[in-house]
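Thank you all for making the time this morning. Please have a look at the sequence and the model on the screen before I start talking.

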Amino acid sequence: MGNFAANEGLSIFVILVWLGINAYLFVHFYIVFLHSRFFYTRAILGCCSRTAARQLDRNITFHKLVGYMIAFHTAVHIIAHLFNFERFMDAQLEANSSSLPHVLSLIGNRGNESFLNPIRSNETTPTIVMFTTVAGLTGVVITLALILIITSSMEVIRRSYFEVFWFTHHLFIVFFIGLVLHGIGRIVRGQTPANLHVHDPIKCHSHFEEWGKNISCPKPEFAGNPPMTWKWVVGPMFLYLCERLVRFYRSQQKVVITKVVMHPSKTLELQMKKKGFKMEVGQYISMQCPSISQLEWHPFTLTSAPEEDHFSVHIRIVGDWTQALYSACGGDKTDGQEAWELPRMAVDGPFGTASEDVFRYEVVMLVGAGIGVTPFASILKSVWYKHVQQNTNVFTKKIYFYWLCPETQAFEWFADLLQSLERQMSSKDMSDFLSYNIYLTRWKETEAAHFRVHHEAEKDPITGLKQKTLYGKPNWDNEFNAIATSHPGCKVGVFLCGPAPLAKALEKQCLQQSEAGAEFIFNKENF
């Protein structure tokens, strides 16, 4: 239980606070609509309640949760209004003049009379109201915008067509503008405060046949509820605009590309410098190349160490934008490219991730899958620098590194770093500090034959390391048991940058293995 609290406690607390605010707003507005001025509104609709909540995004996970909740409450809001307009229509078409809803619907048919029922004629339909009123039109627009935002945010779209995801996600501007304008039509109406003093709905609702005849019960007067959505939108939008201004200022600062390295398997390394740039291990930056697109920003994990005099990223060429950047940096040329020909880059960040906490643990497990190894390049480099500089403040005493790759080409650019670390750790008699296990999860028959022939060689035929590559997938039960046995009573930080199925498997192991031996704290990067 204690380990579960350590792993999930903060996340659960934030979610509970957010849900508590939503619950408070729901109850608050429910109580507001219980006021006497909305008595006749409830008489037609039966009940009336709506929750509204907006909160600034704190991280991607929370951002997704807010998105899900917006979609859910939008669906509830739409369905509720479909029922509302059905009741409004029934009340207008009802032939029974002794019905309170019908009598309320007739109010406003004469000149200078306020109305309660927004459907003013029995020839009007909910569809006509939908496309001829401010509330209806804005409702359709913001619903379509939300559908496009949600569908383009699906992982298959986001990973395969990032530009589609990027541009459609900015429909949030249309969504929030429409949301602010949505209430201007004042579809939700209630009794005016002045009229409440002369017409008490609690006493008069049962004598509606005598309204206007009895001085104690004159005809009720109604007015639209003023739009309130702007109160929830203006604060977050102001903060968002401030953040955009700060990001714009940072993105205008000069960035110098000091080195371009074309690694095998079409991986581009950019080494850059920027005045005042400071980073921590595992952080990431957003990059823009104006010559490719003035609007697109793409996130990349920093692969350099804070101790280095530059910052670097490794970019795998997998899409249109990365291919254009690869060409702009001379990747398609055989004779290299002059420095003045390199494209201008804009950099925003760095931004924090879970990996920043890596040196707070005495024992660390780093698990990377494919290109997800990039955050750990920064960590491993920083570890080396700290030990070379004899930094006595390093709390971490042992690092277990696991890298899972589906193809041999993926090893090529990172193997150079591991070979360098292996040599340097060995020369400093620090071989026990870093234990690394590299797994090839898929291979061809021709490759397997080559591996068997060279398996007895001093160095691994794939990576060139003394530590041989393992084939298949790790047995996480055995790995966690071995670490727990070697470090009883220690807090072990488990850091993953990889796909969701692997995250679930490791999180499950952290919870199970912490019940006996070491305490495993799970941290996941967004991948």
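First, a word on where the values come from. What you see is a predicted model, in which local features need pLDDT of at least 70 and side-chain atom pairs count only at pLDDT 80 or more, while totals for chains, interfaces and linings use all residues. Residues are numbered from 1 along each chain as its sequence is written, and side-chain values use heavy atoms, with hydrogens and water left out.

Let me begin with the chain as a whole. It has 18 helices and 14 strands, where helices (H or I, at least four residues) and strands (E, at least two) are DSSP runs numbered from the N terminus. Of its 527 residues, 44% count as buried; buried means under 20% relative accessible area, exposed means over 50%, and partly exposed lies in between, with a 1.4 Å probe and protein chains only. The accessible surface comes to about 28200 Å², and 59% of that belongs to carbon and sulfur atoms; these areas come from the Shrake-Rupley method with a 1.4 Å probe, and for residues only the protein chains shown count as cover. If we take the contacts with a separation of 6 or more, residues 24 or more positions apart account for 72% of them, a contact being heavy atoms within 4.5 Å.

Now to the sheet. Six strands form an open sheet with parallel pairing, in the order β12-β11-β10-β9-β13-β14; two strands pair if DSSP finds at least two bridges between them. Which strands stand at the edges? They are β12 (470–471) and β14 (519–524), and each has a single partner strand, so one side of each is left without a neighbour in the sheet. At the β12 end, two bridges join β11 to β12, and L440 stands opposite Y471 in β12.

Let me turn to charge. Side chains of opposite charge can pair when their charged atoms come close. How many salt bridges does a search of the whole structure find? It finds two, a salt bridge being a side-chain nitrogen of Lys or Arg within 4 Å of a carboxyl oxygen of Asp or Glu. In one of them D348 pairs with R247, the closest N and O atoms being 2.4 Å apart; D348 is in strand β8 (residues 346–351) and R247 in helix α12 (residues 229–251), 101 residues apart. D348 also meets R250, at 2.8 Å from N to O, and since R250 lies in helix α12 and D348 in strand β8, this pair ties together parts that are 98 residues apart in sequence. As for burial, D348 is buried at 1% relative accessible area and R247 is buried at 19%, whereas R250 is partly exposed at 25%.

I will close with a few single places. T229, also in helix α12, is buried at 17% relative accessibility, and beyond its neighbours within four places in sequence, T229 is in contact with L179 and V180. Q509, in helix α18 (residues 500–513), is buried at 9%; leaving aside its neighbours within four places in sequence, Q509 is in contact with W476, D477, F480 and S514. The C-alpha atoms of Q509 and F520, 11 residues apart along the chain, are separated by 8.5 Å. By contrast, V17, in helix α1 (residues 2–32), is partly exposed at 38%.
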